[in-house]
Amino acid sequence: MTDGYKGRIGNLIRDARKHKGLTQAQLADLLNTSQSAINRIEQGQQNLSLEMIARVGAALDSSLVDIGAGPTHLRVTGPTTLSGEITVKTSKNAGVALLVGSLLNRGRTTLRKVARIEEVNRIIEVLNSIGVQTRWLNDDNDLEIVPPKELRLDAVDEAAARRTRSVIMFLGPLLHRLDTFELPYAGGCNLGTRTVEPHMSALRPFGLEVKATDGAYHASVNREIQPGRPIVLTERGDTVTENALMAAALHPGTTVIRNASSNYMVQDLCFYLQKLGVEVEGVGTTTLRVTGREVIDVDVDYAPSEDPIEAMSLLTAAIVTDSEITIKRVPIEFMEIELATLEEMGFNYTLSEEYLALNGKTRLVDINTKHSVLHAPLDKIHPLPFPGLNIDNLPFFAAIAAVAQGQTLLHDWVYENRAIYLTELNKLGGNVTLMDPHRVMIEGPTHFSGTEIVCPPALRPAVVVLLAMLASKGTSVLRSTYVIARGYEDLAERLNQLGANITAFRDI
Ligand SMILES: CC(=O)N[C@H]1[C@@H](OP(=O)(O)OP(=O)(O)OC[C@H]2O[C@@H](n3ccc(=O)[nH]c3=O)[C@H](O)[C@@H]2O)O[C@H](CO)[C@@H](O)[C@@H]1O
Ligand SMILES: C=C(OP(=O)(O)O)C(=O)O
């Protein structure tokens with residue numbers, strides 16, 4: 001083994017080259033250089049420019065060269081004015097729910113245009129480790145999922161499972177397939193404690209008991225117990241509703257779920273279940289009546305709808321940079337209150353006619369953002385379960401309020417630990433005061449100026465900081481951006497196509 005960073009890069013390149021089945025001479029041809037130069041690089045005897053590393057990465061499949069190279073950071077040069085069109089991708093939250101939901105089906109599930117994001121990658125790793133076969137079919141990110149005859153829970157990829165909260169959703173489908181099983185504790189963003197007790201109480205009527213010890217949920221199922229009365233959720237949570245739905249989908253009787261979330265990802269899961277032959281009544285309301293099937297074995301195709309949180313992120317990018325852009329495929333029914341609030345703040349925009357998403361259900365529009373002079377809203381901005389203002393969209397109002405004239409109060413009653421991260425905007429010149437862990441007061445307008453910030457350990461606040469950097473004068477650096485890649489596909493590249501100036505780099 002060669003020592004030092006040149007040696008480490010050399011080893012990575014050699015391994016990646018062999019993985020691709022190339023000889024040194026073939027790689028040299030691709031890079032327009034000599035075989036002896038490649039040999040020197042692999043031996044760690046060559047100084048490499050960043051440009052050369054990028055070219056080698058591109059020739060070999062950059063993700064291979066990237067392995068082991070540490071976290072990704074972004075360098076942003078601003079201020080930016082954006083122009084052009086951008087299309088909203090399908091949602092992270094439906095993506096993970098549908099991936100887990102595919103475990104209900106013994107047949108093949110094909111999901112169309114899945115968001116190719118780290119959160120989805122982690123769930124795919126967990127599924128693969130227990131025997132599920134998955135295959136990306138094309139550049140559209142269509143994904144085929146084929147479950148095995150027997151699941152291998154003992155082989156579960158614990159490292160992947162611990163990086164996502166969504167493993168908790170395995171409980172609902174698995175309780176029908178296995179009498180006892182273990183799952184690693186759920187992880188995810190650091191937003192303060194999110195209890196799993198609501199999941200337990202929603203699944204107890206199906207005979208599930210869970211003991212949480214030694215870093216794992218130890219689950220056992222008593223098949224004598226079946227839901228008699230309606231299941232009343234104590235919290236209108238999205239993933240708890242999904243867990244109850246998935247448990248009900250393989251229960252041959254009718255299950256009534258009350259105080260259900262009717263949020264976008266729950267609706268996508270309901271539409272998928274309907275395609276599996278499960279009867280679901282009340283989609284979009286807080287009472288769901290589900291008549292399940294003892295066995296589900298169908299080859300099914302489903303297209304999840306677009307992400308309202310990504311739509312809000314892109315709107316925010318336009319607003320903080322005062323840019324005129326077109327945002328295509330916005331799921332308008334999950335953005336109406338956000339838009340009404342923005343309108344009160346003076347935001348100008350036009351909407352296209354509505355059209356349907358590929359699932360044939362969700363209403364979409366294109367939004368044209370217009371030059372606007374914003375002012376603070378008269379009332380505080382606070383989220384509510386759908387059809388309220390989405391809790392994951394609230395953080396974006398921090399960046400928007402920062403460019404508006406006056407004082408805006410944001411009240412995040414949901415998360416113990418999210419509003420706190422919005423004070424990171426102060427490092428860019430913002431005036432954000434933390435009133436208590438749930439409320440921030442933002443005074444605008446702000447003249448942002450660039451600086452270096454480490455990503456807060458929460459997806460939305462991290463993106464809020466990135467978007468404020470677009471509006472900041474000079475150069476900013478945002479460090480350790482895995483948390484953003486959890487929920488957004490190629491965000492920097494896509495913003496660059498609108499005229500942003502963002503480059504990704506890594507420490508070696
Ligand atoms: C994979 C996925 O879909 N994640 C979403 C899901 O997470 P998830 O479904 O895990 O969120 P939870 O249900 O845990 O709710 C989040 C927080 O809200 C509190 N709470 C929730 C509902 C309620 O009626 N009362 C209440 O107090 C919970 O105690 C918790 O602290 O829903 C959250 C809230 O929409 C979103 O931020 C997440 O993006
Ligand atoms: C909090 C979020 O999601 P998760 O449940 O995946 O942590 C989010 O999407 O902002």
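Predicted model: local features only at pLDDT ≥ 70, side-chain atom pairs only at ≥ 80, totals over all residues.
**Entry 1: domains**

I went to the domain assignment for the bounds. It gives residues 4–69 as domain 1 and residues 92–302 as domain 3. Domain 2 is written in two pieces, 75–89 and 306–506.

**Entry 2: the whole chain**

Next I checked the overall dimensions. The C-alpha trace spans about 70 × 60 × 45 Å along its principal axes. I then compared the radius of gyration with the globule rule: a compact globule of 508 residues would have a value near 23 Å, and the protein has 24 Å, so the two agree.

I also noted the secondary structure, which comes to 18 helices and 23 strands. Of the 508 residues, 47% are buried. For contacts with a separation of 6 or more, I found that 74% are between residues 24 or more positions apart.

**Entry 3: helix H4**

Which of its residues are buried? They are Ile 53, Val 56, Ala 59 and Leu 60. These residues sit on the same side of H4 because they cover an arc of only 125° around the axis.

**Entry 4: a four-stranded sheet**

Then I traced a sheet. In what order do its four strands run? The order is S21-S22-S1-S23, in an open sheet with mixed pairing. Its edges are S21 (452–454) and S23 (502–506), each of which pairs on one side only. From one strand to the next, the twist averages 20°.

I followed one pairing in detail. Strand S1, residues 72–78, pairs with S23 over five bridges, in the antiparallel sense. If you have the viewer open, find Val 76: the residue opposite is Ile 502 in S23.

**Entry 5: the helix across the sheet**

Last, I asked which strands helix H16 lies across. H16 covers residues 459–470, and the strands are S1, S21 and S22 (474–479). I noted the angle too: H16 runs at about 30° to S1.

Methods: Residues numbered from 1 in each chain as written. Chains lettered and ligands numbered in written order. Buried ≥ 20, exposed ≤ 12 C-beta atoms within 10 Å, placed from the backbone. Helix = DSSP H or I, 4+ residues; strand = E, 2+ residues; numbered from the N terminus. Arc of directions from axis to C-beta. Domains from an automatic or database assignment. Rg over C-alpha atoms; globule rule 2.2 N^0.38 Å. Contact = placed C-beta atoms within 7 Å. Pairing = 2+ DSSP bridges. Axes fitted to C-alpha atoms, helices over the stretch in contact; angles between N-to-C directions.
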